Amino acid sequence: MKLVRLLACLSFFVAARAWSDDHTHHQGPNKAVAVLSPASGSAVKGTVTFTKVEGGVKVVADLEGLTPGDHGFHIHQFGDCSAPDATSAGGHFNPHGAPHAGPTAEIRHAGDLGNITAEASGKAHYERLDPSLKLDGAESIIGRGVIVHANADDLKTQPTGNAGGRVACGVIGVAKD
């Protein structure tokens, strides 16, 4: 399983890098996707899509296998899900060195998406327009990781929101429009 996750992470990285090398004179991709797989022995899985729209990037996530309630939901520095506990994805994506906060805060980590809320069935849906995210340029989220945490993000504790362990990880790759 560890080798499969490592190969999946590497293939996303190579594809994103190749796309980037071939498209350096264009505006970048319009859509990206992360397929999340379980981490830390959980059963959490799902998909997160990122679509460039007027005013930012629309984030849509559909997950299953969560415990009911809120779970921290973040973009992390690295598109590396190879560690069993997903710590290989590094910390929150934070290109400006800002403090951790909620997704609507004026000053926050770029990767602070707040919480995703699971129903009693363990399924969760998240949908939000994020004006801070970018799919191209130096602050692109392409090739970075998406992490779902075991606990709720309190939106204030530095630097992680006290969201606990990582229960799912996926690498953001360029998606077909």
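Visitor: Is strand S8 largely enclosed or open?
Guide: In this predicted model, strand S8 (residues 166-174) is largely enclosed by the rest of the structure, because eight of its nine residues are buried. Buried means under 20% relative accessible area, exposed over 50%, and partly exposed in between, with a 1.4 Å probe and protein chains only. Strands (E, at least two residues) are DSSP runs, numbered from the N terminus.

Visitor: How many bridges join S1 to S8?
Guide: Five bridges join strand S1 (residues 31-38) to S8, and the two run antiparallel. Two strands pair if DSSP finds at least two bridges between them. Ser37 has Cys169 in S8 as its bridge partner.

Visitor: And what about S7?
Guide: Strand S7 (residues 145-149) is also antiparallel to S8, with five bridges. There, His149 has Arg166 of S8 as its bridge partner.

Visitor: New topic: how many disulfides does a search find?
Guide: The search of the whole structure finds one disulfide, a pair of cysteine sulfur atoms within 2.5 Å. Cys81 is joined to Cys169, with S to S at 2.0 Å.

Visitor: Where do those two cysteines lie?
Guide: Cys81 is in the loop between strand S4 (69-76) and strand S5 (112-118), and Cys169 is in strand S8; the pair, 88 residues apart, links distant parts of the chain.

Visitor: Are they buried or exposed?
Guide: Both Cys81 and Cys169 are buried.

Visitor: How are these values set up?
Guide: Residues are numbered from 1 along each chain as its sequence is written, and side-chain values use heavy atoms, leaving out hydrogens and water. For this predicted model, local features need pLDDT of at least 70 and side-chain atom pairs count only at pLDDT 80 or more, while totals for chains, interfaces and linings use all residues.

Methods
Helix = DSSP H or I, 4+ residues; strand = E, 2+ residues; numbered from the N terminus.
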